[in-house]
Amino acid sequence: MSVNPELLDTIFEPTEPYLVGREKVREFASAVFASAPVHHNLEAARAAGYDDLVAPPTFPIVIQEKTLHQLLNHPGAGIDFTRVVHGDQKFEYVRPLLAGEEVVATLSVTKIQTLGGHTMVTSESVIETTAGEPVVTASSTLVIRGDEG
Amino acid sequence: MASLWEGHELGDVLLEQSSELSRDSLVKYAGASGDFNPIHYRDDVAQSVGLEGVLAHGMLTMGLAVAPITEWLGDRGFVASYQVRFTKPVYVPPTGSVALAVSVTLAKCDEPSEGSATLALTVAREEGTTVLGKAFVVVSPR
């Protein structure tokens, strides 16, 4: 199985709306050792000028994952997910993501590169509010390892 | 807003922190993130795909490495961008834990009027092997 080159520039359907939950923000922050009060304490977040708890910088992976699932399970993609390794990850924010916001994510495939038998697939997932305001773009490069022999 | 960087020079180490990762940490991250790939909790599955054993989620390492920056920024700014390359696995033993040492260096300051800056992150296992490459955070004032 090899990656379908026609995936390049493919834009997937936006995901179902995802509501960023206050307790999910707290749970995620605890799991990544993020003890900053803006992730946990509503009064601290409001004192810092936010309407609600601030999601930690890598929280959008939870939403991006839904778009990567679309990519990996796309019947024509030709991606063997047992051979996939996460190579690079990037988040680019317009502003912090807050609890209480409802967002959708739209993935596009931006680069496909073959190097030494491996294929690198880079995708960008634009995460915006259901009102259409962009908040953060999450990008991943997935390395699909070639056959060993 | 340039005050974020007042008193600091390029190359200064701004923050250093060490975190202990145990199997419990991986279970907790799996639940919080929804990433239930069994290579992060079952040695047999990890070994069947050529790994030494259970390893930490790359996104857990990425997440814990940036945590001290948010804390340090307080309400003065926010993480505007964050990128890493996953270069080495972080194996986590069934009992006990592994320490990951995070070091944050001031790498580049933008125009004072903008106030943003680029921080370089180093994340290393106890014996000194770095596990992330090209790890940079851009912080912007609010």
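Which residue in S4(B) stands opposite Val104(B)? The views below belong to a predicted model, and in this model the residue opposite Val104(B) is Leu121(B).

**View 1. Pairing of S3(B), S4(B) and S5(B) in chain B.** Strands S3(B) and S4(B) run antiparallel to each other and are joined over nine bridges, with Val104(B) facing Leu121(B) of S4(B). On S4(B) there is also antiparallel pairing with S5(B), over four bridges, where Ala117(B) has Val139(B) as its bridge partner. The hairpin formed by S4(B) and S5(B) has six residues between its strands, and in this hairpin Gly128(B) adopts a positive phi near 105 degrees.

**View 2. The open sheet that spans chains A and B.** Ten strands form an open sheet with antiparallel pairing, in the order S1(A)-S3(A)-S4(A)-S5(A)-S2(A)-S2(B)-S5(B)-S4(B)-S3(B)-S1(B). The edges are strand S1 (18–19) of chain A and strand S1 (13–21) of chain B, each of which pairs on one side only. Strands of a sheet pair through backbone hydrogen bonds, either parallel or antiparallel. Where the two chains join, S2(A) and S2(B) pair in the antiparallel sense over five bridges, and Gln89(A) has Val84(B) in S2(B) as its bridge partner.

**View 3. Strand S2(A), its partner S5(A), and helix H3 of chain A.** Within chain A, strand S2 (residues 84–93) is paired with strand S5 (residues 134–144) over nine bridges in the antiparallel sense, and Asp88(A) is placed opposite Thr141(A) in S5(A). Helix H3 (residues 61–73) of chain A packs on the sheet and touches S1, S2, strand S3 (102–115), strand S4 (118–129) and S5 of chain A, while its direction makes about 55 degrees with that of S3(A).

**View 4. Helix H3 of chain B on the sheet.** Helix H3 (residues 58–73) of chain B also packs on the sheet, where its contacts include S2 of chain A as well as S1 and strand S2 (77–86) of chain B, and its direction makes about 155 degrees with that of S2(B). From first C-alpha to last, the 16 residues of H3(B) reach 24 Å, which is close to the 22 Å expected at 1.5 Å a residue. A bend of about 25 degrees occurs in H3(B) at Val66(B), with a proline, Pro68(B), following within four residues. H3(B) is mostly covered, as 14 of its 16 residues are buried, and after H3(B) comes Gly74(B), whose phi is positive, near 60 degrees.

**View 5. The contact between chain A and chain B.** The contact takes 25 residues from chain A and 27 residues from chain B. On the side of chain B that touches chain A, the elements giving two or more residues are helix H1 (23–33), H3 and S2 of chain B, and the largest share, 10 residues, comes from H3(B). Sorted by class, this side of chain B has 14 nonpolar, eight polar and five charged residues.

View 6. Most residues other than glycine have a negative phi. Asp9(A) counts as exposed because 10 other C-beta atoms lie within 10 Å, whereas Phe33(A) counts as buried because 22 other C-beta atoms lie within 10 Å.

Terms used:
Residues numbered from 1 in each chain as written. Chains lettered and ligands numbered in written order. Predicted model: local features only at pLDDT ≥ 70, side-chain atom pairs only at ≥ 80, totals over all residues. Pairing = 2+ DSSP bridges. Contact = placed C-beta atoms within 7 Å. Axes fitted to C-alpha atoms, helices over the stretch in contact; angles between N-to-C directions. Expected span 1.5 Å × (residues − 1). Bend = angle between axes of the 7 residues up to and from the residue. Buried ≥ 20, exposed ≤ 12 C-beta atoms within 10 Å, placed from the backbone. Nonpolar A, V, L, I, M, F, W, Y, C, P; charged D, E, K, R; others polar.
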